[in-house]
Amino acid sequence: MRISLFSWIFLNSFIAVFISINVVCVSAQCQSDQRQLLLKLKRSLNSTSLGKLVKWNHTTDCCSWDGVSCDEGGRVIGLNLSNQSISGAIENSSSLFSLKHLQRLDLSYNRLSSAFPSGFDKFANLSYLNLSNAGFKGQIPAEISSMTRLVTLDLSVSLLLGRPLKLEKPNLKTLVQNLPRLRFLHLDGVYISARGNEWCQALSSLTSLEVLSMSNCNLSGPIDSSFSKLRSLTVIRLDNNNLSAPLPKFFAEFLNLTSLRLTTTRLRGRLPEEILQAPTLQILDLSSNKLLSGSFRNFSLNASLQTLVLSDTKFGGQVPESIGNLGQLTRIELARCNFTGPIPDSILKLTNLVYLDFSSNNFSGPMPSFSSSRNLTQQNLAHNQLNGTIQSTDWSGLSKLVSIDLRNNKFSGTIPTTLFRIPSLQKILLSQNQFGGNLRLGDLHGEAYLLDTLDLSSNKLQGPLPESVFELQGLKILSLASNNFSGFIPLSAIQNLRNLSSLDLSHNRLSINASAINPSLPSFPNITTLKLASCNLMKFPDFLKDQNRLVYLDLSNNNIHGEIPKWIWEARGLLHLNLSQNFLVEFEGPLQNITSTLSVLDLHGNQLQGKFSFFPQDATYLDYSNNNFSSDLPAEIGDYLNFAYFFSLSSNNFQGSIPSSICNSTYLQVLDLSNNSLSGGIPECLTHFSMSLGVLNLRRNNLSGVISDTFPQDCGLQTLDLNRNLLQGKVPKSLANCKMLEVLDLGNNQINDTFPCHLKNISRLRVLVLRANKFNGNIHCPEKSPWPVLQIVDLASNSFSGRLHYTCLLTWKAMQTVEDEAQSKLKHLQFEILQLNPYYYKDAITVTMKGLELELLKILTVFTSIDISCNNFEGPIPEVIGSFKALYVLNLSHNAFTGSIPSVLGNLRQLESLDLSSNNFHGEIPFQLANLNFLAFLNVSNNKLMGRIPTTTLLQSFAKASFENNAGLCGPPLKRKCQLPPAIKQSSFDSRTRSHIHWNFISAEIGFFFGFGIVITPLIFWKRWRIWYYKRIDLALIRLLPWLVLEIRKHGSRANWNQRRRL
């Protein structure tokens, strides 16, 4: 388009005027009073030599100073001293408050140390005030509310500084009531402490407010309806408050809302679906609200979502295919929720995706392709149920990928070689899957130089380790444990990894040559974590002597013989040492004056012998079990266990008494002295300080005396095992204080008492063993039937008597658990020593099963057993036994039970061992026992049973000893044959019993077969008759069913051929 001369002249004139005005503004001289005020302010403050204040001086125009802006009259209207490390104080008399023309003031991120000054009422023209993290303390003054022109107010503080600012008097309402122009309000970290209706109503007058940020303000809920008046809001951030209420639906009615952040606010209830569908919403972060639920419906095509964060909530269900409509999505986090089903293939459409975290859900099925997400940097699908291969993604195209985490899934197949060629990749985490085959990295040509973490542990990888693994120069963490890798690895290969800090090659079929070090290479890398368990090591690697940063060392399950070198105790910084399951026999001495830093020491399963004397002073976990130590326990042993949580000397040859000093170990949670030759009594203090003790195992010793009745009110015992000692007396009454008790084993002692009904309130009891003592009386507890989770009951070899009561057995709910429910909760009894570490104590117990005494080293919660053999119980077996569908072992032998064997025993489908021998049962063996498909042991001998043994494959598979000494029992596998029942004579005069032939039926049958033969015989032997018959039948069928003609025509040729063949 042509521009006229007049228009061109006008445009040039306008530009010239504009430039001249700006030149005047920039070149306006600072007024002298303004310069003096600024210099005075400088003198009152302290700043670093590199800050803006250093350049302020008398020789230059103050309007040109860094951080200062002036109007055309040379008056200071803007002051920006943000992040200048300014310290000192700004008092109410400061020259700052004399700069009355200020419109913008920014003192954020400094180190001012004074109370919040109150001179801000002098800034009548101020529209922008930013004092975030400036260092002011105390109450925010009311004078802030006098700045009626404020548009932006930022008083936020970081929680790292505590809570230096508060807003109480004046409160929030007083602060903002005179600020009608306010559009941006930031009060994060200011202590406000207001109820929902208070802070919502205080803000409701700010109808122009666009940005509201009040995280960590100690606000409470619920959100009041008055909050809905803030229709101009675009950004809402209320993180880390205690709203404790559902999120109101009216949030979806904020038509300009682009960002909503409400993390860790204790939101509850279901999220209104309209909020997820808000068309303007770009950022939604509701994470860490564990009571907030919801699900995804369909996402609309016009959705604006860019960030969706719902981690650590109760959101669940399936992710819909419509998630592909979120084309602008860059970040999605759904970690630790309840999502199920497949990850939809439509995720391929999210081409702008940068960060994805779906970890710790129940996603299943194959992993969809992420090939189109070229900007993806983080991918986390760990801890799900995903399966199949990961070949669907073209990994070479994800050139920006930094981290991939697929741990704890069911992925299989081979690991793609292209994964190792992504130049930006830093972390590959694929552990706990089913990847197999050989590991192939290919020729990397330095492409994976940024890779610092490679975790392929707990898979099915096999074959030799490729040499290229040891060319990954940037590796800091390498974990290949628990695979099937094989071959020899010289330590010189590990020397190449100069940045390596953590190495785990445990539990493969590798053999490591501890002596093969390349002297031409620099010293071994400084490793902090080294795990070489089950690596066929024959000796301690020499390079360990020079490792001064080693924190974690695991050389367990190797073939190391001889002595433990002294230098290993002197390694500074070493916290965790596991030398278990080797062939070590002694300590290299002397060990005096050694100050070891060890926190965890595991030496179990060696051949250490002699006197026991080494205790690291600061250790929390000490396991010396399964060795050959033989001495008395040191009298001062407790003084060496000041910080110990776990201490085990089990399965050695220790003698003498238990020193009372053991009770000085006030942090002790597990004490295991079992399987030794200790004698004397149990120190009274051991039961008294059981408030901290969780496991006390003294089984298989020679301890005598009584169990002290001093268990405290807050007893924390979970396992008490005193089996196979010489203890006498009674079960302590105070043991009822141990409400956490799960395992109580007092078997094989000399305790003389009645059934311990006083323990009936211990609702968590799972294992009760009173076997082989002198208990007597009945086992019925009349006041309250105890122990709903009881799963193992062993009362054998006592003098209990009386009947088994229906009401008592009915409460043993764990034995009635439905099979599928029990299997879904498969776990074993254990005691967690500390919540944040991997150490736990596994309970063990001895049971009589299938006629043999077995030691269960792990007690599964699904294993249930009842053994009340060798007592004086009488009466019939209660029918309620038939509801114990989870029962594995039932032993009622050697009692005085009477009646018949209940047929309901056939309901015990999990039963593997059933012993009813040596009682007074009569009648026949119920055929329902044939339903017990898992039954491997059966004994009904020495009873009064009679009749034929049911003929089934299962019952006939047992030896005849299982049925002997039952006078009336016959049939296999017994040699005694069953007699045929005597013939019954029929009276010719008794029409009800006389046998006779029904000639009417016989004649009808003869007639039918005679007629059938007349027709069929000619068809078989007479060809002409056969042709005539077929033709007549075909014509009849066509007349009756004319639609058959079409079918005959379609298949005529084939039918004719078949007919010719038949003829």
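## Contacts, cores and sheets in a predicted model

Setting aside neighbours within four places in sequence, Thr265 is in contact (heavy atoms within 4.5 Å) with Leu238, Asp239, Asn240, Asn241, Asn242, Leu243, Ser244, Ser288 and Asn289. Thr265 sits in the loop between E14 and strand E15 (268-270). Its relative accessibility is 0%, so Thr265 counts as buried. Buried means under 20% relative accessible area, exposed over 50%, and partly exposed in between, with a 1.4 Å probe and protein chains only.

This is a predicted model: local features need pLDDT of at least 70, side-chain atom pairs count only at pLDDT 80 or more, and totals for chains, interfaces and linings use all residues. Residues are numbered from 1 along each chain as its sequence is written, and side-chain values use heavy atoms, leaving out hydrogens and water.

**Overall make-up.** The protein has 14 helices and 69 strands. Helices (H or I, at least four residues) and strands (E, at least two) are DSSP runs, numbered from the N terminus. Of the 1063 residues in the protein, 49% are buried. Among contacts with a separation of 6 or more, 55% come from residues 24 or more positions apart.

Helix H4 (residues 196-203) has Gly196, Trp199, Cys200, Ala202 and Leu203 as its buried residues. They lie on the same side of H4 because they cover an arc of only 160° around the axis. That arc is taken from the directions from the helix axis to the C-beta atoms. The cover over these buried residues includes helix H3 (172-176), strand E11 (184-186) and strand E12 (211-213).

Leaving aside neighbours within four places in sequence, its contacts include Trp199, Cys200 and Leu203, along with Phe250, Phe251 and Phe254. The largest nonpolar core has 275 residues, and those touching the most other members are Leu79, Leu96, Trp199, Phe227, Trp569 and Phe647. Another core, of ten residues, lies apart from it, with Val743, Ile845, Val862 and Val889 among them. A nonpolar core is a set of buried Ala, Val, Leu, Ile, Met, Phe, Trp, Tyr and Cys residues joined through side-chain atoms within 4.5 Å.

**Aromatic pairs.** Rings of Phe, Tyr and Trp (its six-membered ring) pair if their centres lie within 6.5 Å; planes under 30 degrees apart count as stacked, over 60 as edge-to-face, and the rest as tilted. The count is 33 aromatic pairs. One of them is stacked: Phe227 and Phe251, at 5.6 Å centre to centre and 20° between the planes. The two are 24 residues apart, with Phe227 in the loop between E12 and strand E13 (235-237) and Phe251 in the loop between E13 and strand E14 (259-261). Both Phe227 and Phe251 are buried. Elsewhere, Phe755, Phe775, Trp787, Phe800, Phe873, Phe897 and Phe921 form one aromatic cluster.

**Two open sheets.** Two strands pair if DSSP finds at least two bridges between them. The table lists two sheets.

| Strand order | Strands | Pairing |
|---|---|---|
| E29-E31-E33-E35 | four | parallel |
| E54-E56-E62-E64 | four | parallel |

In the E29-E31-E33-E35 sheet, the edge strands are E29 (436-438) and E35 (509-513), each pairing on one side only. Strand E33 (residues 484-490) runs parallel to E35, joined by five bridges. Pro490 stands opposite Asn513 in E35.

In the E54-E56-E62-E64 sheet, the edges are E54 (776-777) and E64 (896-897), each pairing on one side only. Two bridges join strand E56 (residues 799-802) to the parallel strand E62 (residues 872-875). Gly802 has Phe873 in E62 as its bridge partner.
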